[in-house]
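Please read it alongside the sequence and the structure shown here.

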Amino acid sequence: MKAYFFLITILIQLMGSLTYAQEQAQIHSQNVHAGNPIEDNFNLKTGLSLSRLFQTSALIPTHNRNESHSENTGYGFNTSVGYKWSSWEVLFASDALFGKLHDMTFKVDPQEVRGDGSFRVFTLSPLIRYYTPYSFWNRWNIYASAGPTWSLHTFIIVNNLNNTDFDHKKRISFENRGGSLNLGVEEIVPYKETHPAFFELGYSYMRSHRIFIVDASDFKDVKTLKQGASKDFSGHYFIFRFGITLF
Amino acid sequence: MIKFVLKLMTKLMAIALFLGIFSSSTTFAVTSELKEAFKDQVYADPETHKRLPLYQYGYNDREHSLAENVKTIGVVYGLTWFFYPIVQPKVFHGAGGVKEYQHNLGKLVFDQDEPFWNDFVHPLSGSQLYLLYRANGYDRLSAFEMTFVSSALFELTVEIFTEPASVQDLYQTPVLGTVLGYGIENASMYLLNSGNTIGKIIGHALNPATLFPFYEGRTFIIPKYNEEDKGAMIRMEMSY
């Protein structure tokens, strides 16, 4: 009960602090008009990411619902390059995530490969971001962004659990397509040279359209052993990003 | 892998050393000339017998004409044609070639390279490109744009001798390169202006572009202590 009241109090506090801050949010754009618009509108951001990934691999045709699931935590970094008008921004954003893989099975014709290991993800998203006229405590401007996502998901099976002939130097890689939706806050500062910080929560969904089996025995020259169309892999993840505007 | 990294580092160090010695000899000549010109005007404080460091390092952002941009991009592009076959000798051994070039031209893929390449080597080369343009007087945004153009030209027209252009390299070389370059820029400037010899060596090693004649951000500071009227002044010479 105490926790409930505490939560309500916090929510009321937040509602109270959610002020209409059109002027504050536009301080930056006023500065932009006063100075060099291209220099001031452009921004490059970077930061760290923490994500929870839910991955599904279809083993035999999807309608039979024979699937393998795995939930993993991924860590990494994010970058974005954008051009901002007063409330809208067009940007390219990317995440690189790394994590451990726990007991997942993949269909690699003609066999099923089951194992533990690690994964890495590279995503690239052209996004449109809208900066709302609202802020928390007159300091954090609320924004939302959305856009399509292209990603490469690479799995490294180190511990082969069903003893198939699948070398740990081989990688299973999926090219995916999907979309992402993000909600975040950015620090309101008059000049971007003071490196405004941002915090963001995002959701992404992806489905594979191509699969690659590659041989990374020689890390200088990774060879593609097999490739083809595949819709056997899908996944979604929640991601928390935080970082700063570099310039 | 360690062997390969050592080999790569040795090659890069040899190139840097060669270029460094070349530029150092020019620097030495300029310094001697300046010392000679101002020998009667440089005084140490008679009480502390100390004077300020000879050089102050920084960046002078300036406008560049389109012709200058094209020329700079052209020189860097030419250097990539020269250095790529050295770093990738397989181009000479049949792995790459004109047929491969034609096959890869216009293709854009997600590459399957290891993170060592995509998250370290490419951003590192991007950072050095960014620092090179910064040294030549480009502001941060322009240096990023020039890095993007240079790396895109390399990716789309040079590297395709051995592999198709990749999405990761096109994005990460200039973007992560600029992020890394921004950090190196700040760290190296701090070290170069620290007045500490080891700091200066590390600063130049991190940011070798500061050794080249095209680096425009070095200021020559001449302290002058006037004993007669107990006044002091600092004379600064910008090395353009």
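In this predicted model, helix H4 (residues 115-135) of chain B packs against helix H5 (residues 140-157) of chain B at an angle of about 130 degrees, and their axes are 9 Å apart. The two helices, H4(B) and H5(B), are therefore oblique to each other, and their crossing is right-handed.

**Contact between the helices**
- On the side of H4(B), the residues that meet the partner helix are Gly126(B), Leu129(B), Tyr130(B), Tyr133(B) and Arg134(B), while H5(B) contributes Ala143(B), Phe144(B), Met146(B), Thr147(B), Ser150(B) and Ser151(B).
- Sorted by class, this contact of H4(B) with H5(B) is made up of six nonpolar, four polar and one charged residues.
- When its neighbours within four places in sequence are left aside, Tyr133(B) is in contact with Tyr138(B), Ala143(B), Met146(B) and Thr147(B).

**Nonpolar cores**
- The largest nonpolar core has 22 residues, of which Tyr130(B), Leu131(B), Leu132(B), Tyr133(B) and Ala143(B) touch the most other members.
- At least two residues of this core are supplied by each of H4, H5 and helix H6 (167-192) of chain B, and the largest share, seven residues, comes from H6(B).
- A second, separate core of 20 residues has Val113(A), Ile172(A), Phe212(A) and Phe110(B) among its members.

Technical notes
Residues are numbered from 1 along each chain as its sequence is written. Chains are lettered from A and ligands numbered from 1 in the order in which they are written. This is a predicted model: local features need pLDDT of at least 70, side-chain atom pairs count only at pLDDT 80 or more; totals for chains, interfaces and linings use all residues. Axes are lines fitted to C-alpha atoms, for helices over the stretch in contact, and angles run from 0 to 180 degrees between N-to-C directions. Helices (H or I, at least four residues) and strands (E, at least two) are DSSP runs, numbered from the N terminus. Angles under 35 degrees count as roughly parallel, over 145 as roughly antiparallel, 65 to 115 as roughly perpendicular and the rest as oblique. A crossing is left-handed if the near helix is turned anticlockwise from the far one by less than a right angle, and right-handed if clockwise. Two residues are in contact if their C-beta atoms, placed from the backbone, lie within 7 Å. Ala, Val, Leu, Ile, Met, Phe, Trp, Tyr, Cys and Pro count as nonpolar, Asp, Glu, Lys and Arg as charged, and the others, Gly among them, as polar. A nonpolar core is a set of buried Ala, Val, Leu, Ile, Met, Phe, Trp, Tyr and Cys residues joined through C-beta atoms within 7 Å. A residue is buried if 20 or more other C-beta atoms lie within 10 Å of its own, exposed if 12 or fewer, and partly exposed in between; C-beta atoms are placed from the backbone.
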